[in-house]
Structure formats: structure tokens, C-alpha cells
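Have the model open while you read.

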Amino acid sequence: MGKLQGKVAVITGGASGIGAATARLFVSEGAKVVLVDLNEEKGKAFEEELKANNAEAIFVKANITSEEEVQAIFKQTIEAFGKVDIVFNNAGIGRVQPSHTLEYAEWRNTVNVDLDGVFLVAREAIREMLKSGGGSIVNTASMYGWVGSPGSAAYNAAKGGVINLTRSLALEYAEQNIRVNSLCPGFIDTPIIPEESKQILASMTPMKRLGHSEEMAKAVLFMASDDSSFMTGNSLTVDGGYTAQ
Ligand SMILES: NC(=O)c1ccc[n+]([C@@H]2O[C@H](COP(=O)([O-])OP(=O)(O)OC[C@H]3O[C@@H](n4cnc5c(N)ncnc54)[C@H](O)[C@@H]3O)[C@@H](O)[C@H]2O)c1
């Protein structure tokens, strides 16, 4: 039997990269998945692919920065599958730009998606899990939630915020059987990383390569499943050694 047999998992940013790899692993472990993304074309195509392989999956187009759309994700999940056991709160955007040239609107947009959006999804997940008796939330932070880097102040500030949001929510809902943990990836080979940056980012990593989305998915499965049943408020770094430097 799969580790997630009968479980229902909502995955934001589920149309691409780390979210899509996690959806594939989750369905192979018996989960029903709700793919949430802004990108309707990719999301629908992925939903069809999973269904063609006999998985139970639906795609919901939503922007995680909209309260109404986030509420609609959970409404549609309950309508389709009756409950929510796992939320992989993973959608995010990156931006590299010197801070003194960053417009306030651009700062706000990054923090809005990468921190506010994570809060909105977590809040709605908790509301459902309080009704059903518990669940597991995994937020995607970043190794840049632990350490700084030039040119990514908004992203790094938001990801640092996700790590402490994770601790705070974990403490707040520990007695209600809701576990909250984070994934802190290093440089992972997904569309968020521009092709021209890949070689330099690999060379900055002690293991001298980029990580793969499938390697992130395995860490997410650990945190989402009962394999980590006594773990909450933790942020698991999977970065090829970058933050050990
Ligand atoms: N790839 C890396 O090197 C790396 C490193 C550390 C952290 N991360 C984090 O991992 C997460 C997943 O990124 P990825 O590398 O798979 O990138 P990706 O671009 O392949 O996937 C991100 C997905 O999120 C969706 N998305 C963006 N904004 C959204 C919004 N407002 N509402 C709904 N969906 C939205 C995008 O459409 C996209 O499909 C992000 O939070 C990212 O910050 C990635």
C-alpha cells in the first residue's frame, strides 16, 4: 500500500517544477491530488496526463494572492474529494534585481506571492483541517530563507518569513493534530531558473550540480506523510551542501 493511500493533497504551483514532481510522487503513493496553478494550459495538460495514468486528479486555476480564489480551491477540493489531508504550499516566484533599483510595487509583488500567498493558503488549509481533525502542511521556503544573497532581497525576506511562519503555525496548531513544516531547496533545475544561470549556480553548489525536482518531492513526501509523524515546525534543507559552507 502507498504511503498516501486514500489521502487528498492540494499542491500549489502544481503545474510545473517541484510541485509537478511532487504530484507525480504523491499519486504513485496512492494520493488524490488537486493541482493549483495560475498557468491553466500547463495545469490542464498535467491533469489530463495524470488521469490518463489512472490517477485521481483535478486542476484548479487560482492565484494564491487572492483570498477569494484560495477559498475556492478548498471549496472545489471538498466538492471533488470530500476532505483535505495534505497541503503542499509551494507556488512562488523569483526575482533578481539590485535592491536600489527595485520599485516598491515589485517588492510588494514578490512578498505578496512568496509570503502573503503562503499565509492565505495555510490559513484556509488550517480551517479545513480543524474541521476534519488534522493534517499535514508543507510550505516551500528556500535555502535563501536561512542565508542572504545579493540581488534577491524581497525573495529572501519572504522565504525567511515562510520559515518563521512555519514555526509559528506549527506551535499554534500542534495540539489540533496539524503539522506544519517547510522545504528549503537549494538550486533546483526547474523553469524558475534561467537557462543561462544554470552552470554558475551548479558551480556555486558543493555537489557541483543542480538538484532535481524529484529529489525535492521525496523530502516533501517524508514531511507530508506519517513517516514524519513527530516532526512539526521544522524546515528541511535539501541544497547539495550550499548552506553548510
Ligand atoms: N528551483 C529552485 O531553484 C528553487 C529554490 C528554492 C526555492 N524554490 C521554490 O520552489 C517553489 C516552486 O518553484 P519551482 O522551482 O518548481 O518553479 P516553477 O516556476 O517551475 O513552478 C512554480 C509554479 O508556481 C506557479 N505560480 C506562481 N505564482 C503563482 C500564484 N500567484 N498563484 C498560483 N500559482 C503561481 C507558476 O505558474 C508555476 O507553475 C517556489 O516557491 C520557489 O520559490 C525553488
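Which helix gives the largest share of the lining of the largest cavity? Helix 5 does, with three residues; the details are under point 5.

1. Ground rules. This is a predicted model, where local features need pLDDT of at least 70, side-chain atom pairs count only at pLDDT 80 or more, and totals for chains, interfaces and linings use all residues. Numbering runs from 1 along each chain as its sequence is written, and side-chain values use heavy atoms, with hydrogens and water left out.

2. Who sits around the ligand. The shell holds 27 residues, with Ser16, Ile18, Asp37, Ile188 and Thr190 the closest (near means a heavy atom within 4 Å). By class there are 15 nonpolar, 10 polar and two charged residues; Ala, Val, Leu, Ile, Met, Phe, Trp, Tyr, Cys and Pro count as nonpolar, Asp, Glu, Lys and Arg as charged, and the others, Gly among them, as polar. Helix 1 (17–28) and helix 5 (153–173) each supply at least two shell residues (helices are DSSP runs of H or I with at least four residues, strands are E runs of at least two, both numbered from the N terminus).

3. Polar contacts (here, pairs of N or O atoms within 3.5 Å). Thr190 puts a polar side-chain atom 2.6 Å from a ligand oxygen. For Tyr155, a side-chain N or O atom is 2.9 Å from an oxygen of the ligand. Leu38 uses a backbone N or O atom, 3.4 Å from a ligand nitrogen. On its own the ligand has 820 Å² of accessible area, and the protein covers 92% of that (Shrake-Rupley method, 1.4 Å probe).

4. The ligand takes up the space of the largest pocket (more than half of its atoms lie within 2 Å of the grid points). A pocket is an open set of points on a 1 Å grid over the protein atoms alone, with protein on both sides within 12 Å along at least five of seven lines; a cavity is a set where a 1.4 Å probe fits but cannot get out, and lining residues have an atom within 4 Å of a point. The largest pocket has a volume of about 1200 Å³, and Ile93, Gly94, Tyr155, Ile192 and Ile193 are the closest to its centre among 48 lining residues. The second largest pocket holds about 250 Å³. Its 14 lining residues include Lys7, Gly135, Ser136, Ala224 and Asp226, which lie nearest its centre, and they split into three nonpolar, six polar and five charged.

5. Back to the cavity. The largest cavity has about 50 Å³ of space. Its lining comprises Arg95, Gln97, Ser99, Leu102, Thr110, Gly151, Ser152, Ala153, Ala154 and Tyr155. Four of these residues are nonpolar, five polar and one charged.

How values were computed: Polar contact = N/O pair within 3.5 Å; in protein donor to acceptor, adjacent residues only side chain to side chain. Points joined across faces, edges and corners; volume = space filled by probe spheres on them.
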